[in-house]
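Have the model open beside you as you read.

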Amino acid sequence: MRYYLQIVGTDTVDASPTIVVHFDSQRYLFNCGEGTQRFAHEHKVRLAKIQTVFLTRVGWECVGGLPGMLLTLADAGTTELRLHGPPNLTHFMAATRHFIYRESLDLTTNEFHPSQGNQYKDENLVVRPVFLVPDTLKSEAVTSSLGDGNAALSRKRKSESRHDELLYKKAVLSKMFPSTKSHHPLSDIAVSSSQLPSSTISGPVIESDTVTTSSLVDEPATEVIVPRLEIGHAGANRLPRCELDTGVISYICEGPQVPGKFDPVTAKRLGVKAGKDFGILAKGESVTTSEGNVVRPEQVVGPAKPGSIFIILDCPSTAYIGSLLQSSAFGELAGSERVRCIVHIAGQDVIDDPRYVRWMRQFHPKTEHFIISRKHNPQQLMYFAAGNILHQLHALDSKVFPRPYYTNTAEIDLSAIPDLPVNTRVARPLTNFIIEPSPQIDESECLQLFDTKKVEQNTSLEVMSIPAELRSVEASRSENEWSYSEALEDISVVPLGTGAAIPGKYRNVSSTLVQMPDGYILLDAGEGTLGQIFRHFGTEMSAVIKGLKLVFVSHLHADHHLGVVRILKEWNRLREDHDRLVVLAPARYQIWLEEYSDCEDFGLDHIHIVDSAEVRFDSEKAAPTVLEENPSSGLRYLRKALSLASVQTVLVHHCAWAYALVLTTVNNTKVVFSGDCRPSQDLILAGKNATLVIHEATLEDNKSEEAVQKRHCTINEAVNVARGMNAQCLLLTHFSQRYPKLPIISEGMLVDGKMKIGIAYDLMRISLREFWRLPVLLKGLRALFPNAESEEENEL
């Protein structure tokens with residue numbers, strides 16, 4: 001049997017440590033952070049056979065890519081998926097009920113617990129979880145064990161409560177992933193007052209459904225009441241809280257036994273004829289010779305060898321090394337040649353710690369060690385297609401299209417660490433380690449370092465072939481630059497994701513960063529947004545995140561907000577005591593953030609969450625929400641932090657609780673963001689005389705019926721909305737992935753007298769004062785991408 005381990009993502013800002021184990025019958029996925037889906041799509045990592053996922057932590061770097069991956073796998077035909085991981089895994093998945101739903105996907109969770117000693121086993125693997133805890137948690141455990149008998153009784157009652165709550169959350173999952181078509185659960189799951197303590201109930205209970213769910217290990221199926229309720233409304237119920245779990249799981253994985261070697265010489269001596277009978281014996285069945293003698297397999301086949309072992313080890317910080325050293329599960333494998341490889345997912349300073357190095361050296365000298373560590377992995381470019389197109393665009397206009405930031409050398413060379421085992425190497429993306437039939441490293445598919453010089457040489461030839469008049473933007477400055485441009489505020493826009501629905505090779509999912517004179521605003525944040533900020537700003541990324549004042553989430557579709565938690569987590573890491581951040585979003589988004597904060601602390605206590613309905617535009621009054629008069633502390637903070645005079649949300653036609661945003665500064669600069677929507681008369685009214693409109697333009701003009709069906713806009717519809725506002729600048733974005741390089745747009749459409757219209761690309765940068773450049777660029781873009789209309793990306 002041949003099977004192998006593949007390292008997919010390493011620890012770069014725009015990709016997360018991810019491992020796939022390939023067998024003929026299925027694939028096994030270990031961790032799924034942000035960027036996994038996009039990386040797999042571009043580099044053709046085969047994920048279709050994934051049926052089993054193992055998670056080392058319920059932390060965003062391990063699970064952030066999972067919701068989007070589930071949706072894509074389901075749409076690609078996956079019908080069954082099993083998630084295994086630490087406590088709170090079921091809570092995390094149930095918390096995504098506001099935006100994750102797929103019919104005919106049978107999804108279940110299994111939580112490993114230290115006290116249960118359970119493991120996973122199928123025809124390919126035996127997976128044994130090993131729990132590691134930080135030093136502080138171990139100290140607390142020792143202290144609590146010295147308490148009186150009442151403490152033990154309290155723990156028993158708490159355990160029973162957790163059991164009941166886990167059953168309820170599993171019932172929620174069965175509503176999110178029904179085996180047959182059913183009532184859409186994004187608006188009908190709530191907590192049952194008959195199931196939970198009254199302290200968790202805050203809304204009215206409407207009609208309920210009875211769901212049969214599998215319980216914990218070795219227990220019968222249980223019926224649980226799951227009532228219907230509109231979660232997004234004020235006062236909606238939330239999941240029972242879970243306790244923050246700082247433990248992590250590493251996995252010791254054992255492959256199938258290796259059959260003993262067939263001995264043809266002995267078989268012939270016993271009278272067995274070569275051919276069919278040899279095969280029967282090799283399969284473990286007896287044969288009868290022509291002389292009538294029965295030859296049994298054990299007479300001609302050597303003993304089977306125990307399965308090979310590989311280890312997925314997650315050590316987030318040096319605080320976990322003590323627990324690692326005390327683990328008997330790893331100690332039992334010291335010196336064993338069966339341990340073929342260990343993938344080390346190592347946090348800050350772990351690999352540099354002499355204790356950890358000594359622990360590594362206890363394994364057999366032939367064991368291969370693959371290191372995944374932020375300091376020791378180069379922050380190399382992971383998405384070559386996006387890198388290539390950005391270099392092409394840079395050659396066309398270096399001011400609008402800066403090159404992406406990356407480094408091909410690590411911060412610290414692994415060779416600088418003394419006494420590492422001989423077979424220790426930095427993990428490289430797409431490295432394959434063949435476990436059976438014989439251990440071997442295969443780097444034939446390994447991701448190569450981005451060759452800037454080669455790309456620039458090719459790009460230069462491509463761009464120079466374009467007629468000079470089509471690529472000379474600066475020559476058009478005098479005839480296109482506005483005479484009053486210096487009066488415009490110093491506001492710049494950096495589109496971080498300009499594609500729709502799923503991450504593409506050239507366009508990531510929705511996100512736009514607006515740099516105001518006094519700070520930054522993030523308009524939606526799909527998966528991979530932090531990585532995109534890193535690729536644009538490089539070493540200045542921390543200053544950008546620290547300067548973030550407002551995150552606006554337009555609606556709850558996954559491609560518009562799955563990057564928010566990682567942004568908030570990074571902001572919380574960098575913030576000072578006086579820093580505050582406002583999240584303006586639909587009400588149910590607060591429920592999601594609160595429920596996920598039970599699993600991981602990302603600084604929610606320091607974030608102002610404002611319901612979009614609180615500042616909703618009223619077309620009858622048509623008066624802006626004056627922040628000075630608004631009682632919300634978050635809105636008062638915005639006024640001061642960003643010099644805003646007003647902020648308004650506009651309810652638009654797309655999905656439940658979908659909003660656009662209109663911001664006006666004290667200098668009367670008006671910025672409008674549409675989110676996803678059909679053309680909106682209310683938005684036209686609220687955005688009257690806008691300075692800048694950022695509007696979705698998902699489909700080309702001959703797809704109007706599809707636009708109506710999917711509740712999106714065509715390009716012409718977006719232009720007409722901005723015209724209705726009498727806008728000065730219009731940036732078109734959120735293009736279907738069927739238009740990866742250049743949307744289908746008529747040349748004359750971008751010429752609109754006073755209004756300047758431009759096409760958004762990932763990681764471009766445009767200021768209001770330089771916005772005239774974008775319509776001038778269109779002719780050059782057409783020449784650069786002459787076959788763009790035929791280069792449609794596959795949509796799952």
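Let's start at helix α24 (residues 715–725), where I715, E717, A718, V719, V721, A722 and M725 are the buried residues. "Buried" is under 20% relative accessible area, with exposed over 50% and partly exposed in between (1.4 Å probe, protein chains only). Helices (H or I, at least four residues) and strands (E, at least two) are DSSP runs, numbered from the N terminus. Packed against those buried residues of α24 are β28 (670–673), α22 (681–686), β29 (692–696), α23 (704–710), β30 (729–733) and β32 (755–759). A contact, here and below, is heavy atoms within 4.5 Å.

A word on the model itself: it is predicted, so local features need pLDDT of at least 70 and side-chain atom pairs count only at pLDDT 80 or more, while totals for chains, interfaces and linings use all residues. Residues are numbered from 1 along each chain as its sequence is written, and side-chain values use heavy atoms, with hydrogens and water left out.

Now for helix α3. Nine of the 10 residues of α3 (residues 66–75) are buried, so this helix is largely enclosed by the rest of the structure. The buried ones are L66, P67, G68, M69, L70, L71, T72, L73 and A74. Their cover includes α1 (36–43), α2 (60–63), β5 (80–85), α4 (89–95) and β6 (106–111). Just after α3, G77 has a positive phi of about 110°.

Next, two helix pairs. Axes are lines fitted to C-alpha atoms, for helices over the stretch in contact, and angles run from 0 to 180 degrees between N-to-C directions.

| Helix pair | Angle | Axis distance |
|---|---|---|
| α13 (residues 384–396) and α25 (residues 773–784) | about 135° | 11 Å |
| α19 (residues 564–574) and α20 (residues 587–597) | roughly 60° | within 12 Å |

That angle makes α19 oblique to α20; angles under 35 degrees count as roughly parallel, over 145 as roughly antiparallel, 65 to 115 as roughly perpendicular and the rest as oblique. The α19 and α20 crossing is right-handed, as is the way α13 passes α25. Right-handed is when the near helix is turned clockwise from the far one by less than a right angle, left-handed when anticlockwise.

Which residues of α19 and α20 meet? V564, V565 and L568 in α19 touch Y589, W592, L593 and Y596 in α20. That contact has seven nonpolar residues, no polar and no charged. Ala, Val, Leu, Ile, Met, Phe, Trp, Tyr, Cys and Pro count as nonpolar, Asp, Glu, Lys and Arg as charged, and the others, Gly among them, as polar. In the other pair, Q392, L393 and L396 in α13 meet L777, G780, L781 and L784 in α25.

On to a sheet. Seven strands make an open, mixed sheet in the order β25-β24-β23-β22-β21-β20-β33, where pairing takes at least two DSSP bridges between two strands. At the edges sit β25 (607–611) and β33 (766–767), each pairing on one side only. Strands β22 (residues 519–525) and β23 (residues 548–552) run parallel, joined by four bridges, and L523 stands opposite F552 in β23. Helix α17 (residues 529–537) packs on this sheet, touching β20 (492–497), β21 (511–516) and β22, and its direction makes about 130° with that of β20.

Zooming out, the protein has 25 helices and 33 strands, and 58% of its 796 residues count as buried.
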